[in-house]
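The following note sets out some numbered points on the model shown below. Please read them alongside the sequence and the coordinates.

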Amino acid sequence: AGVRGQRKMAASRSGCSVWRALLTLKHTSFRSRCSFAVSRVLYSTVYDPNEATFDKILIANRGEIACRIIKTCKKMGIKTVAIHSDVDSNAVHVKMADEASCVGPAPTNKSYLNLDAIMETIQKTGAQAVHPGYGFLSENKEFARRLTAEGITFIGPDTHAIQAMGDKIESKLIAKKAKVSTIPGYDGVVKDAEEAVKIANEIGYPIMIKASAGGGGKGMRIAWNDDETREGFRFSSQEATSSFGDDRLLIEKFIDNPRHIEIQILGDKHGNALWLNERECSIQRRNQKVVEEAPSIFLDPETRRAMGEQAVTLAKAVSYSSAGTVEFLVDSKKNFYFLEMNTRLQVEHPVTECITGLDLVQEMIRVAKGYPLGYKQADIPINGWAIECRVYAEDPYKSFGLPSIGRLSQYREPLHVPNVRIDSGIQEGSDISIYYDPMISKLVTYGATRAEALERMQEALDNYVIRGVTHNIPLLREVIIHPRFVKGDITTNFLPEVYPDGFKGHILSDAEHKELLATAGSIYVASLVKAQRFLETSIRIPAAKQDQKSWELSVQLDDGVHSVTVSRSGSSYNVEVDGKTLNVTSEWNLASPLLPVTIDDTHRIVQCLSRDAAGNMKIQHLGTVYKVRVLTTLAAELNKYMLERVPEDTSKFLTSPMPGSVITIAVAPGNEVTEGQEVCVIEAMKMQNSLAAAKSGKILKVYCKPGDTVGEGDILIEFE
């Protein structure tokens, strides 16, 4: 009987291995919206189908990270279960998974944070393990505890490590005990705003107020005086409650002009732990990362090793077993201070995968199943350079990025560019809503050197087609070509230092200005030439004379009007702009969202976002969108006699700068307000924004109430 039982078990294991091998083979060429296509492998999921693993994993997340996890599961032959809110029913991660279940309505506390609904889905689907991704429940010890109690594997560290490292107050105490360099601060929970002021004065300004259970820049404020401390305490506690269900705050000294450098660590359940090199994450806005890279141009091997060893020491102090990240602030003298530990997969993990060749999701799954790490510290390489840009549906001209919502009417990822990886969870037709993070994708480029990776990134951003929502590509492109960034002279204050008056887009040089004018004139003439024929008939229209070879144009850009002469020779145009002649060549496929042009010997990718019969165009050139108007000289002369629309006076209205939800209204009709006084708070994508009166006066009417959903430009308050 014992022999028959052993044979039956062996057959079962063999059948399972065959099934996994077939499923792995089935998905070898799998391409999804969140997948990446590159001319070389940036990381590899090398999996032994004979190695026992989970049959089914539930992903307790959404968007790009859910897609990222599903992709590795499919390569490993593991079935997947997606959860989703009602508004995410057609999301990409739902379509990618083998099964999907709705866990509630759009608000996160009723869906992606709904523990009871998620636990019910786990039981219903028979999932053996849960991968939480990042955010949401990824660092929720109660979720991990309930899973363990039900015999479900949490793909992450145990509850002790989550409690110890996920709580910024406790983690700081443990770090001190482990002799890890730490930032001076208050080692306890701040009770109220007045205690925060008292502590701040004891530490000395400036100070950082942080959510104890937080991350991702949520629940975080810098204060330089008592008033800012009171206000920061209020907003941080509200954001912490909204994002993490935990309003506890801590206060520590704010280190001015630091670098933000983090160490990726990986531990198993057998006492092994490794550091997988660093990531430079200093380009931030509102304490949220925008551009990351690996390795850091700033670290020398000795500092890298010291930071890595301290990160591993901290991980071993709590018997850490999974992928995690230890974040440090580094000053100009390479002194580093422990900031926090994220007990989860980090948003920017792809750059580490690119330079090490490891699949961190696969490693997390193997560790959760109980396998030891398959590497030693000496096995971890730094091969090449990787840079990641977080592409957001945001308006970069408003505080470096206020959320934008809408539907992606056209969407094309630049996967044809060599050595590009894109992690995304959207597709053409997807909606960007007010309920979730506005990230569109993580755009990653790889090169043998930093210069090569930056060149690839510039090309990828120019070839990225996103229509229907405002996005931050103009800002991303300007950052990566800025001399300070190229040189590596960066800190967490990079954006406000480089753009003290706010981001204004690319400032055209004289040569680039002429390039844009020549391109606009050429597009205008190319459209006239194309309009000479309807389909393949000989019918002609009078948009342009059949034998016309030259056009005298008037091109308006910004406040300037320029005389432009375009002469045609086949698909090439000689364009005279302000006394200089440029040769502009292209295939002139105006139906394509991307228009490659060669201006003299310079190759550009431009995007003509719109053009109308009145000569108005929006052209994306060098990352920035410019409004151009092209007319014939006769039309321009006649246009002088056209009446101009007088802009509406909106000075007495306060409008919403972004779509979101009204959290509080601090005024009522008849109230007197002073300039700079807070009148309401709008929450967008889990970030709270205080709106203040632009001038002193009396409130005439309030058009909204707490709980209302408002759109960008909606009138909130009217002044007398």
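1. Asp 359 caps the N-terminal end of helix 12, with a side-chain oxygen 3.0 Å from the backbone nitrogen of Val 361. Helices here are DSSP runs (H or I, at least four residues), and strands likewise (E, at least two), numbered from the N terminus. After helix 12 comes Gly 370, with a positive phi near 105 degrees.

2. The model is predicted: local features need pLDDT of at least 70 and side-chain atom pairs pLDDT 80 or more, while totals for chains, interfaces and linings use all residues. Residues are numbered from 1 along each chain as its sequence is written, and side-chain values use heavy atoms, without hydrogens and water.

3. Helix 12 (residues 360-369) is largely enclosed by the rest of the structure, because nine of its 10 residues are buried (under 20% relative accessible area, 1.4 Å probe, protein chains only). Among them are Gln 362, Glu 363 and Arg 366.

4. Asp 379 lies in the loop between helix 12 and strand 14 (385-392). Its relative accessibility is 46%, so Asp 379 counts as partly exposed (between the buried limit and the exposed one, over 50%). The Asp 379 side chain reaches the backbone nitrogen of Lys 376 at 2.7 Å.

5. Helix 4 (residues 115-125) and helix 5 (residues 141-149) pack with axes 11 Å apart at an angle of about 30 degrees (axes are lines fitted to C-alpha atoms over the stretch in contact; angles run from 0 to 180 degrees between N-to-C directions). Helix 4 is therefore roughly parallel to helix 5 (under 35 degrees).

Conventions: A polar contact is a pair of N or O atoms within 3.5 Å; within protein, one must be able to donate a hydrogen and the other to accept it, and residues adjacent in sequence count only if both atoms are side-chain atoms. Angles under 35 degrees count as roughly parallel, over 145 as roughly antiparallel, 65 to 115 as roughly perpendicular and the rest as oblique.
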